[in-house]
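Thanks, everyone. I have one structure to show today.

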Amino acid sequence: MVNHESARIIQVFDTTLRDGEQSPGCSMTLPEKLEVARRLERLRVDVLEAGFPASSPGDLASVKAIATLIKDCTVAGLCRALEKDIDAAREALIGAASPRIHIFLATSPIHMEYKLKMSPEQVLERAVAAVRYATQFCTDVEFSAEDAFRSDRDLVCRVFGEVIAAGATVVNAPDTVGYAMPEEFADFIRYIKTHTPNMEKARLSVHCHNDLGLAVANSLAAIGAGADQVECTVNGIGERAGNASLEEIVMGLRVRKDHLQAETRIDTTKIYTVSRLVSQVTGVKVQPHKAIVGDNAFAHEAGVHQHGVLANRATYEIMTPESVGIPQNRMVLGKHSGRHAFEERLRDLELSLHDALVEQVFHQFKVLADKKKVVSDRDIEALVIEASASAPETWKLDRWVVNCGSTLSSTSTIRLQHQDGAVAEQAAVGTGPIDAAFKAINRIIGKEPSLDAYELGAVTGGEDAQGQTLVKIGLNSRHWNGRGVSTDVVESSIKAYIAAINAMEWELAATPQP
Ligand code: KIV
Ligand code: ZN
């Protein structure tokens with residue numbers, strides 16, 4: 001019997017901007033993080049973990065900026081169980097409407113012996129001291145027992161009991177290495193819930209990694225066993241095989257509320273746009289068959305399936321694409337579309353833009369519509385993300401010429417305009433047209449960042465598809481992404497490189513190396 005009345009509310013703790021962002025290839029610039037944070041707030045996550053402030057001046061600055069911007073959910077900053085880390089988190093969270101200090105310390109034998117070189121008693125003492133210290137500055141303190149699942153259960157219960165007595169409001173039991181099986185994890189959570197002293201005074205959270213592909217299954221099993229908070233990331237991005245995917249947990253709870261009798265406050269109709277944004281800004285593609293947000297998640301190819309769906313969608317669909325915000329109205333825009341139709345499409349696509357940017361993006365849309373017959377949703381999405389999540393333009397592309405062929409070396413001449421108005425031009429020879437163009441830009445800016453990744457794709461299919469380039473650059477162990485879109489692939493590459501350079505210039509100016 002379905003009992004919708006008694007469903008528990010599970011808190012969704014999103015760590016896309018911390019555990020997700022810290023994994024290889026997922027770094028984001030500050031404007032990108034701010035845009036993701038805004039979307040997560042609209043998605044109605046309960047807690048948004050914005051970063052690890054003590055890890056770098058850049059991270060501290062971005063947690064600070066997010067904490068000041070976000071008002072409708074709790075903003076958390078991660079720290080080791082060290083006063084200096086807690087001080088950094090406290091400073092970063094000063095502007096937050098609802099701050100949370102999140103402290104972690106490992107409790108498993110292998111982590112205590114080889115990483116921490118501490119005894120269980122020392123870990124217990126350090127955890128309690130850190131939580132006590134943090135409660136002086138923040139009423140909301142979460143303690144995570146890193147690698148809890150591989151730890152001695154009674155030690156986890158003891159540590160949790162004492163940190164709760166010291167003021168922790170949430171205790172988190174991660175499966176840090178994705179080792180658990182669902183029934184085992186449920187049993188573990190039940191044990192923690194029933195054997196931790198003071199457990200009724202705090203929330204019990206879980207945080208599952210996906211090394212065996214079980215992060216979502218383990219998170220749902222833990223909710224069934226009594227966990228009150230679930231930690232997850234958009235598209236499941238994160239260390240190694242990733243974290244539990246937010247969209248899968250949320251839709252699992254929604255579609256099977258009858259079974260788990262638990263729900264979240266998430267506005268599921270915003271899921272798709274957040275997933276697209278995270279994929280666009282990190283450059284990490286969502287696999288086509290990914291549950292909930294993959295391109296094929298609602299596609300019905302087999303004739304017999306199509307027949308069933310046409311007769312009644314519920315034959316092969318357990319949820320509707322509309323329920324996760326996948327746009328159904330396929331209105332196409334072209335050069336005759338006016339501003340009203342354009343804004344309407346932005347609304348349909350949940351691509352809300354700051355008023356000040358609507359005019360600029362509309363103008364870019366008109367320029368594009370002159371080149372392409374049909375401007376697709378993906379084209380519009382690319383324009384919106386470029387406008388809303390890019391760093392200020394220290395450098396702007398003015399002109400470019402590239403020569404290449406099979407017998408001569410490639411050469412390029414690039415002219416850029418600096419934000420102070422000055423123009424600078426340089427020429428270079430390269431192993432190919434892109435290399436020549438990037439070398440000329442390096443000459444202009446007087447820096448030589450490494451080119452860590454370069455990816456060229458198409459925004460849509462078709463002959464007149466726009467080229468979309470993603471570039472990742474690095475300098476002194478810091479990394480930046482840039483995206484560029486153009487009907488010309490060389491131009492999209494140049495634009496992507498300049499976007500990454502602008503992200504670099506802006507962050508280096510804001511947070512120089514210590
Ligand atoms: O995986 C993990 O254990 C973590 C903790 C810091 C919560 O990310
Ligand atoms: Zn983690």
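Start at His209. One of its polar side-chain atoms sits 3.0 Å from an oxygen atom of ligand 1. Keep in mind that this is a predicted model. His207 also reaches the ligand: a polar side-chain atom there is 3.1 Å from an oxygen of ligand 1. Then Thr176. An N or O atom of the Thr176 side chain is 2.6 Å from a ligand 1 oxygen.

How much of ligand 1's accessible area does the protein cover? On its own, ligand 1 has 260 Å², and the protein covers 95% of that.

Around ligand 1 we find Arg18, Asp19, His102, Phe104, Ser144, Glu146, Asn172, Pro174, Thr176, His207 and His209. By class, that shell has six polar residues, three charged and two nonpolar. Which elements each supply at least two of the shell residues? Helix α1, at 16–20, and the strands β5 at 99–106, β6 at 141–146 and β7 at 170–175.

Next, a helix pair. Two packed helices are described by the angle and the distance between their axes. Here α2, residues 30–43, packs with α3, residues 57–69. The angle is about 35°, and the axes are 10 Å apart. The crossing of α2 past α3 is right-handed.

Who makes the contact? From α2: Leu30, Lys33, Leu34, Ala37 and Arg38. From α3: Asp59, Ser62, Ala65, Ile66 and Leu69. In this contact, six residues are nonpolar, three are charged and one is polar.

That's my part. Over to you.

Key. Residues are numbered from 1 along each chain as its sequence is written. Chains are lettered from A and ligands numbered from 1 in the order in which they are written. This is a predicted model: local features need pLDDT of at least 70, side-chain atom pairs count only at pLDDT 80 or more; totals for chains, interfaces and linings use all residues. Side-chain values use heavy atoms; hydrogens and water are left out. A residue is near a molecule or strand if one of its heavy atoms lies within 4 Å of it. A polar contact is a pair of N or O atoms within 3.5 Å; within protein, one must be able to donate a hydrogen and the other to accept it, and residues adjacent in sequence count only if both atoms are side-chain atoms. Accessible areas come from the Shrake-Rupley method with a 1.4 Å probe; for residues, only the protein chains shown count as cover. Helices (H or I, at least four residues) and strands (E, at least two) are DSSP runs, numbered from the N terminus. Ala, Val, Leu, Ile, Met, Phe, Trp, Tyr, Cys and Pro count as nonpolar, Asp, Glu, Lys and Arg as charged, and the others, Gly among them, as polar. Axes are lines fitted to C-alpha atoms, for helices over the stretch in contact, and angles run from 0 to 180 degrees between N-to-C directions. A crossing is left-handed if the near helix is turned anticlockwise from the far one by less than a right angle, and right-handed if clockwise. Contact means heavy atoms within 4.5 Å.
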